[in-house]
Amino acid sequence: MMLNLSPNIADPDDFYAELINSQRDLDEEQALRMNARLILLLANHIGDRTVLAEAIACARVAGG
């Protein structure tokens with residue numbers, strides 16, 4: 001399996017709104033912890049270490 005970088009989320013604007021709204025009543029530390037838990041849940045769902053390593057590399061370059 002390779003990392004899919006093509007748009008793949010149905011209703012991406014609705015998903016983004018849901019993600020933002022999920023943190024609305026959280027302070028910064030709580031939001032960071034929630035994001036970390038979400039990342040770990042999604043990484044566990046993906047499960048493929050090669051795909052996860054590629055995603056980490058892509059995220060690091062994009063954030064640089």
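Helices, in the sense used here, are DSSP runs of at least four residues, numbered from the N terminus. In this predicted model, the segment that comes before helix H1 (12–21) contains Ser6. Because buried is defined as under 20% relative accessible area and exposed as over 50%, with partly exposed in between, Ser6 counts as partly exposed at its relative accessibility of 49%. Along the chain, Ser6 and Val51 are 45 residues apart, and a distance of 14 Å separates their C-alpha atoms.

The largest pocket has a volume of about 390 Å³, and it is lined by 14 residues, of which Ile9, Phe15, Leu38, Ile39 and Leu42 are the closest to its centre. The elements that contribute two or more residues to this lining are H1, helix H2 (28–46) and helix H3 (49–63), and H2, with 5 residues, gives the most. When the lining of the largest pocket is sorted by class, 14 residues are nonpolar, while no polar and no charged residues are found.

The second largest pocket, for its part, has a volume of about 330 Å³. Its lining is made up of 14 residues, and those closest to its centre are Leu3, Asn4, Leu5, Ile46 and Ala55. Here the largest share of the lining, 4 residues, is supplied by H3, whereas in the largest pocket H2 gives the most. By class, the lining of the second largest pocket comprises 11 nonpolar and 3 polar residues, and no charged residues.

Terms used: Residues numbered from 1 in each chain as written. Predicted model: local features only at pLDDT ≥ 70, side-chain atom pairs only at ≥ 80, totals over all residues. Heavy atoms only, no water. Buried < 20%, exposed > 50% of the residue type's maximum accessible area, 1.4 Å probe, protein only. 1 Å grid on protein atoms, 1.4 Å probe; cavity = no way out; pocket = protein on both sides within 12 Å on 5 of 7 lines; lining within 4 Å. Points joined across faces, edges and corners; volume = space filled by probe spheres on them. Nonpolar A, V, L, I, M, F, W, Y, C, P; charged D, E, K, R; others polar.
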